[in-house]
Amino acid sequence: MNHDTYSDAYLRDVLTGEGLIALVGLSNNPARDSHRVFLDLLRRGYRAVGVNPGIAGHDIGGAPVYAHLADVPAPIAIVNVFRNSEAAGAVIEEALALPLL
């Protein structure tokens, strides 16, 4: 697969399929955007997990939170990053190390 561009059909399949969304930088603070987006994903029926070492082992909205992407016990289709630019590079490296779907 060419990862430089994706067809609309492929993107639609990823977004509407059974794939898992990992939200990195999930906050347990309801005032934070990452918290609101995560709960909205769950309300809309997406399968999602949080990733944040500070709250790993807890559930938010009934979904588990893991310390690292590598700790998620299911294949991840989408990595949604809520981290500052200084921390984003390490998240990208961790995501690239995951097995492809």
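Tyr10 has a relative accessible area of 32% and is therefore partly exposed, a class lying between buried (under 20% relative accessible area) and exposed (over 50%), computed with a 1.4 Å probe on protein chains only. Tyr6, at 36%, is likewise partly exposed. This is a predicted model, in which local features need pLDDT of at least 70 and side-chain atom pairs count only at pLDDT 80 or more, while totals for chains, interfaces and linings use all residues. Residues are numbered from 1 along each chain as its sequence is written, and side-chain values use heavy atoms, with hydrogens and water left out.

The structure holds 1 aromatic pair. The ring centres of Tyr6 and Tyr10 are 5.2 Å apart and the planes meet at 20°, so the pair is stacked; rings of Phe, Tyr and Trp (its six-membered ring) pair if their centres lie within 6.5 Å, and planes under 30 degrees apart count as stacked, over 60 as edge-to-face and the rest as tilted.

Strand 1 (residues 20–24) is largely enclosed by the rest of the structure, because 5 of its 5 residues are buried. Leu20, Ala22 and Val24 cover one side, and Ile21 and Leu23 the other. Strands here are DSSP runs of E with at least two residues, and helices runs of H or I with at least four, numbered from the N terminus. Two strands pair if DSSP finds at least two bridges between them.

| Partner of strand 1 | Sense | Bridges | Facing residues |
|---|---|---|---|
| Strand 5 | parallel | 5 bridges | Val24 and Val81 |
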